[in-house]
Amino acid sequence: MRKTILIGLLALAGCGDKDTMPTVQTVEVVKTFPHDSQAFTQGLYIDGGTLFESTGEEGTSGIRKVNLDTGEVTAQAPLSPPYFGEGIIGWKDRIYQLTWKDQKGFIYNKADLSPKGEFAYTGEGWGLTHNGKSVIMSDGTATLRFLDPETMAQQSTIAVTANGCPVTQLNELEWVDGEVWANIWQTDLIARIDPGSGKVKGFVDVAALGPPSPSVDEVPNGIAYDAAAKRIFVTGKMWPQLYEVKLSDGPPNGVAQDQAARLMQCQPGG
């Protein structure tokens, strides 16, 4: 009898201890801003009303300052091949930028985007943000790395899960009111992650934003948060608009609901 009960409990457990089941929220557009439709957006953050953006693809990668209201690029620094630009974040007078597969990051002067140095890491580079104490990095896996913001040396890691299942493809990151928000690549979802436990508290559906008939590359990727004014901005790769949004109680898109459901069903061995 005890063996039967144990087998039943293991079956209910699925792939491990379950988190609180995350829900899917949608967004309401507050305002729309112009965005460079040629920008393969890989990193985004806002500082003092200025938008900072990193772009990808070999040969067209770089970092730029952008006028939020007009979309005008006011300063930029190209990233030469073979580097493929990825996430960025500002820290004091510096900007850190990841590259995808070269295990090398670049440091810029925030004032004029002049080069200030380099740093190294293992594995791939995807997204960056910070919590005021540590730089937080994604690498395409279900792991977030916490780095020393002065040296960029790794301090610790957390595993990101939703309903007990690992959530991979964590891409562009943003720190939003005590949570890590992460675009999940090739989905219409942003994960809202508890930075202490790694558990996904909820998903944000942005399927209603972006081009009406996007190409395979034109995926959501880019979150910026104006903490002073409590404004959230999102965009995507080669999207012609940047959106200021707020969370809504409206019904999420069915596709996004399906995407979230699949993320919370562990694969065998997961």
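Visitor: How many cavities of 30 Å³ or more does a search of the whole structure find?
Guide: This is a predicted model, where local features need pLDDT of at least 70, side-chain atom pairs count only at pLDDT 80 or more, and totals for chains, interfaces and linings use all residues. Residues are numbered from 1 along each chain as its sequence is written, and side-chain values use heavy atoms, without hydrogens and water. A cavity is a set of points, on a 1 Å grid over the protein atoms alone, where a 1.4 Å probe fits but cannot get out. With a threshold of 30 Å³, the search of the whole structure finds one.

Visitor: How much space lies in the largest cavity?
Guide: Grid points are joined across faces, edges and corners. The volume is the space filled by probe spheres set on those points. For the largest cavity that is about 50 Å³.

Visitor: Which element gives the largest share of the lining of the largest cavity?
Guide: Lining residues have an atom within 4 Å of a point. Among them are P34, H35, R64, V66, N67 and L242. Strands are DSSP runs (E, at least two residues), numbered from the N terminus; β3 (50-55) and β4 (62-67) each give two or more residues to this lining. The largest share, three residues, comes from β4.

Visitor: How many residues of that lining are nonpolar?
Guide: Ala, Val, Leu, Ile, Met, Phe, Trp, Tyr, Cys and Pro count as nonpolar; Asp, Glu, Lys and Arg count as charged; the others, Gly among them, are polar. Three lining residues are polar and three are charged. The nonpolar ones number six.

Visitor: Which strands are at the edges of the open sheet of four strands?
Guide: Two strands pair if DSSP finds at least two bridges between them. The order is β10-β11-β12-β13, with antiparallel pairing. An edge strand pairs on one side only, and here these are β10 (127-130) and β13 (154-159).

Visitor: Which residue in β13 stands opposite L144?
Guide: Strand β12 covers residues 143-147. Five bridges pair β12 with β13 in the antiparallel sense. Opposite L144 stands I158.

Visitor: How many residues of strand β21 are buried?
Guide: Buried means under 20% relative accessible area, with a 1.4 Å probe and protein chains only. Strand β21 spans residues 231-236 and is mostly covered. Of its six residues, the buried ones number five.

Visitor: Which residue in β22 is the bridge partner of V234?
Guide: β21 and strand β22 (residues 241-248) are antiparallel, with three bridges. Their hairpin has four residues between the strands, and M238 takes a positive phi near 65 degrees. The partner of V234 is Y243.

Terms used. Buried means under 20% relative accessible area, exposed over 50%, partly exposed in between (1.4 Å probe, protein chains only). On a 1 Å grid over the protein atoms alone, a cavity is a set of points where a 1.4 Å probe fits but cannot get out, and a pocket is an open set with protein on both sides within 12 Å along at least five of seven lines; lining residues have an atom within 4 Å of a point.
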